[in-house]
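Hello,

Here is the structure I promised to pass on. Please open it alongside this email.

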Amino acid sequence: MESWRRHPLVFWLINLPPTLWLVVFFLLPLSIIWVFSFGEKEGVIGINVTWTLANYVRAFDPLYLEIFTKSFWFAGITTFLCLVIGFPIAIFITFSPARWRPVLLLLIILPFWTNLLIRTYALIAVLRMRGYVNFTLEWFWEKANGVLLFLGLDNVALLGERFQPLELLYNNTAVVIGLVYVHLPFMVLPLYAALDRMDKSYLEASLDLGAGQFRTFFAVTVPLAKAGIISGLIITFIPALGSFLTPDLLGGTDSQMIANVIERQFKSANDWPFGAALSYLLMYITFFALAIRALMARGTSAMEAA
Amino acid sequence: MAARGLFKRRLGPLDYSRRWSLQLVFLASLVFLYVPILTLIAFSFNDSRRNIVWRGFTLKYYEKALGNSSLMEAFANSLTIALISTVISVILGAMVAILLWRFRFPGKAPLEGAMSLPIVIPEICMGVAMLAFFARIGWPTDLPWPLNLGAITIAHISFSFPFAAMVIRARLANFNRELEEAAKDLGASEWQTFRDILIPYMKPGLLAGGLLAFTLSLDDFVITFFTSGPDTVTFPVKVYSMVRFSVTPEVNAASTVLIVVTILLTTIAMWMQGRSEK
């Protein structure tokens with residue numbers, strides 16, 4: 001690496017275009033809504049910047065506080081489910097024969113490369129009242145009824161008179177299913193990376209010395225993969241918290257998340273200052289989570305060095 | 001017992017991949033991940049509007065999608081935006097990558113941090129920031145095609161080029177600086193070294209970064225949603241309005257086309273990366 005003073009011309013030539021682009025077309029837009037967040041709505045489209053904190057205070061109204069809590073709840077459950085499903089997947093891939101590992105990993109990541117909107121749409125077709133899940137359930141219901149008929153129990157109506165399709169769409173469950181569906185690869189990748197790096201002889205030692213599989217998992221695997229687990233938790237939680245499409249398309253009227261409220265302020269309610277304040281609160285939460293991750297990473301690397 | 005051992009090797013303590021419980025979880029996850037997408041593709045060929053029962057193979061929904069002029073216009077818009085965004089993102093990304101790889105300068109760490117911001121901040125925040133920005137500076141909305149796509153393209157470049165920079169920088173990290181020194185010792189100028197040594201070495205990184213930028217642009221919904229107007233609809237935005245309206249085989253057909261395009265591009269990207277590593 002050389003000092004920029006040795007070739008100032010080259011330095012400025014490759015420094016200025018990207019830096020200017022970032023400042024004008026990224027940092028400036030962000031600063032504009034930062035300023036807006038301290039403004040007041042004036043008329044239909046006017047914004048009067050009065051450096052008021054009213055927009056931030058309003059975000060703590062019970063109504064919006066509830067949406068924040070709900071978003072945290074959704075993102076939290078999603079992250080937890082991804083961890084519970086993702087850990088066995090990561091273990092399975094790590095201990096597969098070496099030549100299979102890239103293929104298995106690719107199988108988990110590939111859906112990630114298809115458009116988020118299309119994946120969400122695909123889930124709608126599966127979950128709706130006349131969708132494939134209910135269709136399959138109805139098939140089983142008919143078969144089960146057939147068995148009951150065969151046994152002469154048909155007049156008891158054990159399974160109800162008619163098949164009742166489950167309401168799987170446009171509610172909170174649908175949002176969580178959608179979020180897990182979208183974010184699972186975010187969890188599997190860091191877990192796999194951590195497990196792959198781990199020295200497997202520790203596991204053998206633990207099992208040889210008489211610890212069971214469960215105890216080995218919680219006393220050896222989890223502490224050794226701690227950095228990967230924290231990484232996975234945070235990089236799953238952050239995008240899940242800011243999700244817009246999933247609650248918008250799969251959720252009902254009471255499953256709105258922060259991003260949906262922000263969108264409404266900008267597109268229909270036309271209250272830009274309040275929307276801007278909510279955006280910044282969401283960003284501060286994101287930065288806070290990233291800071292935790294950085295701190296934890298420093299902590300674990302210090303532990304390894306000691 | 002001996003006969004059983006002949007046919008089934010005993011599970012070792014670490015043979016997790018041969019435990020049925022883990023195999024079951026893995027298989028169930030694959031079903032969960034793939035069944036929705038595969039049914040979506042399958043039913044785009046189904047000769048029934050109701051989308052549930054299989055009534056025979058047909059291509060008529062592809063014809064319908066092709067005949068839908070607003071859908072095709074959205075597709076053309078998406079491709080145009082993705083192409084321009086990719087070219088500019090790769091150029092800017094390569095500049096950032098070389099800058100951070102080659103030079104030591106004051107303010108390097110803050111610059112690196114700022115460059116990673118577009119990668120980490122929530123999409124919705126970037127979307128509304130772009131909306132406010134273009135409204136504030138009075139960006140003209142009545143320009144002729146393709147200039148009317150300018151706002152969306154600019155937004156796409158802003159979130160794509162840091163990703164491209166990351167990929168290109170990873171490639172540069174393995175560059176043997178002695179090659180560059182040797183070229184300069186032998187009398188090559190700064191520009192000649194760049195053109196004949198550095199660029200050929202970076203090529204796989206540039207391609208991978210470009211394909212990533214292209215996919216990111218083609219896939220983006222949230223940020224485009226806030227920067228597009230009534231005349232500048234992209235493919236995902238169009239599909240969004242169709243999906244809100246109803247679930248039809250036509251949307252399935254259009255989605256299948258986009259899935260195939262994305263998977264083809266990803267495969268090409270990986271194939272090229274694999275080839276460059278040999």
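Below is what came out of it, starting with how to read the model.

This is a predicted model, in which local features need pLDDT of at least 70, side-chain atom pairs count only at pLDDT 80 or more, and totals for chains, interfaces and linings use all residues. Residues are numbered from 1 along each chain as its sequence is written, while chains are lettered from A and ligands numbered from 1 in the order in which they are written.

On confidence, the complex has an ipTM of 0.87 and a pTM of 0.87 from the predictor. Where pLDDT is low, predicted coordinates should not be read in detail.

Chain B splits into domain 1 (2–43) and domain 2 (62–277), with bounds from an automatic or database domain assignment. Their C-alpha centres are 37 Å apart.

Now the two chains together: 67 residues of chain B are in contact (C-beta atoms, placed from the backbone, within 7 Å) with 68 residues of chain A. Helix α2 (residues 20–43) of chain B contributes the most to chain B's side, 13 residues; helices here are DSSP runs of H or I, at least four residues, and strands runs of E, at least two, numbered from the N terminus.

Strand β1 (residues 2–3) of chain A also runs parallel to strand β1 (residues 103–104) of chain B, joined by 2 bridges. There, E2(A) has F103(B) as its bridge partner.

Best wishes

Technical notes: Two strands pair if DSSP finds at least two bridges between them.
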